[in-house]
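Colleague: I am new to this model. Please take me through it, and say what each term rests on.

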Amino acid sequence: MTSRRRFAALWPAALCALTSCGIPTTGVVEAGGPASGVPPMIRVYYVVDGTLAAVPRRTTAPVDVAKALETLLMGPTDLERGKRITTRLPLPSGLFTATPIPTATDGPGPPPQRQGPSDLMTVTEREDGITVRLALPAGRLSDLVAAQIICTATAAQRVADPGAEPVPVTVTGAGGRRLESSGVRCPDA
């Protein structure tokens, strides 16, 4: 048998071996959600040696100002605290909600409840600006606290809508102090 005849005789067998591996065909298999890629990065602004500093954080999509500010309120991680990164904002785990004092006829009152981030801050986003109301005692809204919030909100807005111009962010404390800025003086990472 010549090499051409051998090739012609083996070709159909080789083709069948290459196209059929013995695995039966199946339909579409649903297994989890779509591929999501790399989670987006946001910048939250903490304090290092009395100065505002941008700290990168991964977050779940979609990025919005409220989510970024909630991340800010959770405070620096243990690793970041080891690098002298702090915050001037009160951390939710250390604050308690006010509860009425029970009278003698009421019986024992409920124990104080710890506040979460949503109890400390209310965020309202509009096309013309972002308003943040803080439930801080009077006098606790310092310029540095407001800068942490304004810069974090502005950075989140830039991630959420990269082509948009930054809108003004207004921060109001419980004592009525109000600070506003568009985040133009926020330090980069």
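This is a predicted model: local features need pLDDT of at least 70, side-chain atom pairs count only at pLDDT 80 or more; totals for chains, interfaces and linings use all residues.

Colleague: What joins strand E1 to strand E2?

Modeller: E1 (residues 41–48) and E2 (residues 51–58) run antiparallel and are joined by 8 bridges. Among the facing residues, Arg43 stands opposite Pro56 in E2, and Val44 has Val55 as its bridge partner there. The two strands form a hairpin with 2 residues between them, and Asp49 in the turn has a positive phi of about 50°.

Colleague: Why are E2 and E3 called edge strands?

Modeller: The open sheet has 3 strands in the order E2-E1-E3, with antiparallel pairing. E2 and E3 each pair on one side only, and they are the edge strands.

Colleague: What counts as a helix or a strand here?

Modeller: Both are DSSP runs, numbered from the N terminus: a helix (H or I) has at least four residues and a strand (E) at least two. The protein chain comes to 5 helices and 7 strands.

Colleague: Why is Thr131 called buried?

Modeller: Buried means under 20% relative accessible area, exposed means over 50%, and partly exposed lies in between (1.4 Å probe, protein chains only). Thr131 has 15% relative accessibility, so Thr131 counts as buried. Thr131 is found in strand E5 (residues 129–134).

Colleague: What joins the side chains of Thr131 and Arg126?

Modeller: A polar contact of 3.4 Å. The term needs a pair of N or O atoms within 3.5 Å; within protein, one must be able to donate a hydrogen and the other to accept it, and residues adjacent in sequence count only if both atoms are side-chain atoms.

Colleague: Is Val169 buried or exposed?

Modeller: Val169 is buried, because its relative accessibility is 0%. Val169 is found in strand E6 (residues 169–172). Contact means heavy atoms within 4.5 Å; leaving aside neighbours within four places in sequence, the contacts of Val169 include Ile130, Val132, Ile150 and Leu179. Across the protein chain, buried residues make up 31% of the 189 residues.

Colleague: What lines the largest pocket?

Modeller: A pocket is an open set of points on a 1 Å grid over the protein atoms alone where a 1.4 Å probe fits, with protein on both sides within 12 Å along at least five of seven lines; lining residues have an atom within 4 Å of a point. Among the lining residues of the largest pocket are Val63, Asp64, Arg126, Gln157 and Val167. Strand E4 (121–126) and helix H5 (143–160) each supply at least two residues of that lining.

Colleague: What is the volume of the largest pocket?

Modeller: The volume is about 160 Å³, taken as the space filled by probe spheres set on the points, which are joined across faces, edges and corners.

Notes. Residues are numbered from 1 along each chain as its sequence is written. Side-chain values use heavy atoms; hydrogens and water are left out. Two strands pair if DSSP finds at least two bridges between them.
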